[in-house]
Each structure stands twice: as C-alpha cells, then as structure tokens.
Amino acid sequence: MSYIVLARKWRPKRFAELVGQEHVVRALSNALDSGKVHHAFLFTGTRGVGKTTVARILAKSLNCEAGVSANPCGTCAACREIDEGRFVDLIEVDAASRTKVDDTREMLDNVQYAPTRGRYKVYLVDEVHMLSNHSFNALLKTLEEPPPHVKFLLATTDPQKLPVTVLSRCLQFSLKRLSANLIGERLKFIAAAESLGYEAAALALLARAADGSMRDALSLLDQLIAFGGGALNESNARAMLGTIDRGHVTRIVEALSRADGPGLLAQVRELDRDVPDYDRALVDLAALLQRIAIAQIVPETAPQDEDFDAPTLSRLGAAMSAEDVQLYYQIALAGRRDLSMAPEPRLGFEMTLLRMLAFRPDTVAAVAGTASVTGGVAVGAPAALAIDARTWPAVVEAAGLSGLTRQFALNCVPSSFENDVLTLHLDQPAAERRTRSTEEKLVQGLSKYLGRNMRIVFNVAEGTLATPARQRAAAEQDKAARAAADFEQDPAVKGLRERFGAEVDAASVKPVN
C-alpha cells in the first residue's frame, strides 16, 4: 500500500476540523445554512494556511447529496469524490501553469453547461494572481454574471496583484498565519493519532520552523519521522533543522552575563564544529533573550516554555540587568541584518556577540572612569574612546537610528565628546541635506541610548571627509573592481575574448557576498 503523506492524510475534510481560521468558518457556515451563498469567493493568505482546503470543503458543502449546509455528510458519492479529487463538477485550475488567455477561454466555454453530477459546477482557481491581464479581462464578465449553477472559488498568496475589477466582484476572506502554539498542539494530536512517541520540545521546534504554515509543519513532521527513524526527539529535530542546541545558547548568555569575552569565543569555536546556520543561531539567541525579559519584568504572565525551564530563565534573568537584556536583543536583531555583509558568517556572529560586550552600559561607564549607572545606562561623560571616528558606526547601530537620520549620521565624523556635547564634522554635501527634524531625531536617539540629555555641535569641514558612509561606498567600489579584475582573468572569459573578440562590460560584473 502506498504511503500517504501527513499533509494529505490529515487535510481537514469538514469546517469543524479547521484550526485557526474561525472567522472564515463562521462566515461561510452562516452563508451556507441560510442559503445565501455568493457566486465568487477569494481566499487569500500565505502558503499552507488552508486556502484550497477551505475551498474544497465549500465545494463539498454545496454539492453534498444530503443538501447544502455547513456540515456535509462526507459519505455520499459527491463528498467522497471531492475528497479523492475526482468529482467531475469540481474543476481545479492551476493559474501558475495556465496563464494564457486561450486557457481561460477554454475554461469559460464550458461555464454555460449544466453540472454533470452535482448541484453546482465549481471552478477552483489556485494562485489566481498568475493569470495574465488578457485572462483577467476574459474572466471578468463571467465572474460578474455567472449562470446560477456556477460558483467561482479563487485562491492566492498575493492579492495585491489582482485587478480591482476582480476584487470588487468577489467576497474576500483573508486566512491568518497560524501561531506556533496552535501548530504545535495540532502536531501533538496527529503524532498521538499516528501512535508516534514524541518529545514536546521537538514538535515545538517544528512548529516554529513552519513559520505559520500548517502544511509546512506536517511536511517537516514527515521529514523528521524519516530522519530519526520514527524517533521524534529534540536532538533529531535540531540536527534536521540545523538549529543549535539550547545548551549552547544558554552558555552564550551565561558568558554575556559575566562579560566573559574569551568564554564567548570558546563557545563560538565549539558551536562551529557543528557547522551551524549562524542566522538561525541569532534567532535562537534573540528568542532566549525575549523569554528572559518576560521572566524579569512580568514573571507572572510567563507561559510554560518547552525549551527553557523556569529556574533557568530566572537564573539568567538575575545575572543580567533588564537594560542589558534589551540591548543584547536589539544587537542580535541588527546582527542578522549585517550577517550577509560579514566576511564569513562565523565572523559576523562573533562580532555581534563582541558588540554586545563592547556596548554594555557598564563597559561604557568603566571606560569613562565612572561606575555610576542609572536606569541601566552609564552616567557621566564617556571618554573619547567611547564615541569617536572608530566607534561611531557601532554607536549609530546601537542607538537604533534608522532612515534618513541614520543615513545623515553615517555621513558625519565625531571629533570630540566632552561634557555631554558631541561635536560632529560634516562636509558640504551632508550639510545641504541637514534639517531640523533630522538633528532633533539624532539628538533624541543618542540621548536615549546614553541615558542623559546631550547637545550636538556641527562643524562644516572643507574638502572631503572619510565618513563611514563614504568608507563603505569605497569598500564596495574596491570590491566591485576586484571582482571585475578577477572576471577578466578567468580562463573561460579570456577564451571567449580571444575567440570571438568579446568585450567585458565591467559595470555588469557584481561581486558575490
């Protein structure tokens, strides 16, 4: 007997079996029970949340031999044939592979004919946004005034690409991404029904990795069954997903709480043996910091955690200030964004951890020669080493500056910082883009980061400054020039030039990150 994958085997066959989409089920059930069913429905949402499943259940409700209702019998010929995908009056169209107007016209040519077996002829068009403009135009008239025996069920992951003329002719239902907790509970139910032993932490990992998609979660469950030979345990799940062991994350946070730089690097070396996904490692680190923050600030609302027990979270929370946890969390998120620009992922991960230590409020206070801390940030003027040309890009990052304010700041160069007055040099082009709003946001951002009110004095320099933005641009240009030179020296390129007289468009050569 052939194996049926779990995503197909456990696809809901009745509205009562759907999870997480109660708002859609309620509306459709009321329409079906009252007999007021619209002729065109549009189901939107990300992949794997149940768009086509809802459409098929609706088709079953419309054609059940027991009558139109929100609870099809599931046993009549129509219900069974729809479940098995062979009901002649349910026409499923994959718009991604049938985008041409001729395909749409061929489909619509049969609209006028009565159903062969069922009560309604139902057209289920998946990924409808892939249809061409001509196809939409061919569909519009029929969609607006279809024969009474026809229903259109459209599904898409990208409703923004649909013409407003189509949207206005449909009842639209937006299916939600499913929460990790809801997916996890469903996985437990299915594992128990399949007589599979499991560790709750393993299924929690799958639920988070599914990113809101029940279908992806069931596919991952199938994959874990194969990977572990039926053993649904945490170690197998982490190995399959490429996530790091929670013991590693705990030890990294412990080293951060001690400001133990050598210990941090030792943990990275140990971690590197497993060739981890460092972006995922930062995700796991941020997730642990979020749990610690809840344990610190609102411990009474902390949910039961399947990854980290309450004593561990309490111990880690007691070892760090709430401000440090918040700072580390922000730096971890920023580190994910910068990871692709790092020379190597491991180096980017290391620098993110070292940045956490370098910008700890206690560290800044120590550099400034003062141990006084208010609200978790240093008081008293930091020394020149704290904010200077070398550290300025990291200060901008840690202060959470964004948009035009961040761009403006990176086109400045600090020259001094004394008595809460920061002096910034900027060249003429940057001075021309300077606005009062940008200055105020820069002052507010830095004041909030440093924990005290400060002033900024701007000096317009003559000539060109080596600003962080200009240094980064120069580095990118140098990288592009080296890539073009390497491309020119490639033996295959040389052969093409010699054989065909080809010329290389240097501007088209892009370096690989």
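Guide: A crossing is called left-handed if the near helix is turned anticlockwise from the far one by less than a right angle, and right-handed if clockwise. Helices here are DSSP runs (H or I, at least four residues), numbered from the N terminus. The model is predicted, so local features need pLDDT of at least 70 and side-chain atom pairs count only at pLDDT 80 or more, while totals for chains, interfaces and linings use all residues. Residues are numbered from 1 along each chain as its sequence is written, and side-chain values use heavy atoms, with hydrogens and water left out.

The helix in question is H9, residues 200-209. Seven of its ten residues are buried (under 20% relative accessible area, with a 1.4 Å probe and protein chains only), so H9 is largely enclosed by the rest of the structure. The buried residues are Ala 201, Ala 202, Leu 203, Ala 204, Leu 205, Leu 206 and Ala 207. They pack against helix H8 (180-193), H10 and H11.

Consider H11 (residues 234-241): H9 passes it in a left-handed crossing. The two pack at an angle of about 25°, with their axes 7 Å apart; axes are lines fitted to C-alpha atoms over the stretch in contact, and angles run from 0 to 180 degrees between N-to-C directions. That angle makes H9 roughly parallel to H11, a term for angles under 35 degrees. On the H9 side, the contact (heavy atoms within 4.5 Å) is made by Ala 201, Ala 202, Leu 205, Leu 206 and Ala 209. H11 contributes Glu 234, Ala 237, Arg 238, Met 240 and Leu 241. By class, these residues divide into eight nonpolar, no polar and two charged, where Ala, Val, Leu, Ile, Met, Phe, Trp, Tyr, Cys and Pro count as nonpolar, Asp, Glu, Lys and Arg as charged, and the others, Gly among them, as polar.

With H10 (residues 214-227), H9 packs at an angle of about 135°, and the axes are 9 Å apart. H9 is therefore oblique to H10, oblique being the class left once under 35 (roughly parallel), over 145 (roughly antiparallel) and 65 to 115 degrees (roughly perpendicular) are set aside. The crossing of H9 and H10 is right-handed. Leu 203, Leu 206 and Ala 209 of H9 meet Leu 220, Leu 221 and Leu 224 of H10, a contact of six nonpolar, no polar and no charged residues.

Just after H9, Asp 211 takes a positive phi of about 55°.

Methods:
Buried < 20%, exposed > 50% of the residue type's maximum accessible area, 1.4 Å probe, protein only.
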